Amino acid sequence: MIPAELPADEQMRLIDLASYELQDADTEVDFDDLSALVAQYFNCPIALVTVIDSDRQWFKGKTGTTETGNSRELSFCNHTLLHDDVMVVEDASTDERFFDNPFVAGAFHIRFYAGAPIVSTDGYKLGTVCIYNVIPQKLSGQQKQALQLFSKQVSKLLELRRKNILLQQRAQELITLKSAVFARFIHSQEEDKKAIAFNLHEDFALGIAASLLVLQTAQKNDQRRISLIADAIAQLKEIIVNIRMLSYTITPNMPDWISTDQLILKFIEKIAVAFPFKITVEDNGLLTEASADNTLCAIRIIEEWLTVLLKKKSISLVNITIASGDQFSLSIQDDGLRESFAERKMEVIESIIYERAHAQGGTVELSQSSKGKNILKLLLPVTK
């Protein structure tokens, strides 16, 4: 018996094979069905769909045997990996590579073998589609071509499998990332609640308690009563102002006589000086009625996306466009370097922009202009 040499690309072949997650003893229905078809077509008792790892051959589809695999060293298919086309052994008992192989000399009594390599999209031979018989046999040119077609069909099935694996991995990564974002969002909400509770206790409750103490003192002090009452009134007025400011922090007041676009413009005007790039605004002037939900969502997304853009040193100009029709539309365009949509999508998710838009029944779109500018577009149902 002459063992097959290892392919020149063996290490890369094994890495490519691992990406399909095939190295186990389980057969698969699609490959079992295909092996049954191969056995019928070639009128052979045994047909296999195999993959070959570093030391073992696995049967992923099989007809005519109950085995799950065998040693790579004893495998006929190990030799097929060294061929680009179909390898045929018409009579193994007279072939110096196989005449003393246990599958030939032993109880299996194998005589005929033919195998076509399964080639991945990256060009690596992963295994074979092969047939065996216990009597010598020949293959015609047409039959060899048919066996190659079967192996190409397996290659297509494997590629679909790998794409499904990648999709599942990406879906799991996205779920993990969104879970982390959601946890961070909840944490930020809890921090806001703690800050509000601290203000309520430290500033307001203690302030009111101090005012009551001043008023109680005024009741007992005729000489300073007027000045003490004046102090208490001033202190209570300050507390009322602080309560209003805290209320605006939680939910800013949206007067119904100021349009949404004007509120957004005022907000951009106030924050623009804090950024190193120039911010311009285009407004179609169609938003004549206030929309508190649209305004709050837009303002928070503008603030969050500008914070993302702040980390990019290549940006010199950001243009914000506000428009309204059937939907409220906000577009943020920057002149930064082009990035892949995958990178931008990750930034949208990590900055909680998607969650904010989705909570309002809206969507976030990413695109690039004809001039190569990066665009983030927010679309919201118009609310009043």
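Which residue lies over the face of W58? R56 does, at 5.2 Å from the ring centre.

## Overview

This is a predicted model. The chain has 384 residues, and buried residues make up 40% of them. Its secondary structure comes to 10 helices and 11 strands. Among the contacts with a separation of 6 or more, 65% are between residues 24 or more positions apart.

## The five-stranded sheet

Five strands form an open sheet in the order β7-β8-β9-β11-β10, and the pairing is mixed. At the edges are β7 (278–283) and β10 (363–368), each of which pairs on one side only. From one strand to the next, the twist averages 15°.

In general, strands of a sheet pair through backbone hydrogen bonds, in either a parallel or an antiparallel sense.

## Helix α9 on the sheet

Helix α9 (residues 341–350) packs on the sheet and touches β9 (327–334), β10 and β11 (374–381). The direction of α9 makes about 150° with that of β10.

Which residues of α9 are buried? They are R344, E347, V348 and I349. An α-helix has 3.6 residues a turn, so residues three or four places apart point the same way. After α9 comes I352, whose phi is positive, near 65°.

## Strand β6 and its partners

Strand β6 (residues 125–133) has 9 of its 9 residues buried, so the strand is largely enclosed by the rest of the structure. β6 pairs in the antiparallel sense with strand β1 (residues 46–52), over 6 bridges. Here G127 in β6 stands opposite V51.

Strand β5 (residues 112–119) also runs antiparallel to β6, and 8 bridges join the two. In this pairing, A116 has V129 of β6 as its bridge partner. β5 and β6 form a hairpin with 5 residues between the strands, and in this hairpin G123 takes a positive phi near 90°.

## The aromatic cluster

The structure holds 9 aromatic pairs. In one of them, the rings of F76 and F98 have their centres 4.2 Å apart and their planes at 5°, so the pair is stacked. F76 lies in the loop between β3 (69–71) and α3 (77–80), while F98 lies in the loop between β4 (87–89) and α4 (102–105), so the pair ties together parts that are 22 residues apart in sequence. F76 is buried, with a relative accessible area of 2%. F98 is also buried, with a relative accessible area of 1%.

F76 forms an aromatic pair with Y113 as well; this pair is tilted, with 5.2 Å centre to centre and 40° between the planes. The pair links distant parts of the chain, 37 residues apart, with F76 in the loop between β3 and α3 and Y113 in strand β5. Both F76 and Y113 are buried. One aromatic cluster is formed by F76, F98, Y113 and Y132.

Is S35 buried or exposed? S35 has a relative accessibility of 1%, under the 20% cut-off, so this residue counts as buried. S35 belongs to helix α2 (residues 29–42).

The side chain of S35 has a polar atom 2.8 Å from the backbone oxygen of D32. The S35 side chain also makes a polar contact with the side chain of T63, at 3.0 Å. Leaving aside residues up to four places away in sequence, S35 touches A47, L48, V49, G61, K62 and T63.

Methods: Residues numbered from 1 in each chain as written. Predicted model: local features only at pLDDT ≥ 70, side-chain atom pairs only at ≥ 80, totals over all residues. Heavy atoms only, no water. Pairing = 2+ DSSP bridges. Helix = DSSP H or I, 4+ residues; strand = E, 2+ residues; numbered from the N terminus. Axes fitted to C-alpha atoms, helices over the stretch in contact; angles between N-to-C directions. Contact = heavy atoms within 4.5 Å. Buried < 20%, exposed > 50% of the residue type's maximum accessible area, 1.4 Å probe, protein only. Polar contact = N/O pair within 3.5 Å; in protein donor to acceptor, adjacent residues only side chain to side chain. Phe/Tyr/Trp six-rings, centres within 6.5 Å; stacked < 30°, edge-to-face > 60°. Lys NZ or Arg CZ within 6 Å of the ring centre and 35° of its normal.
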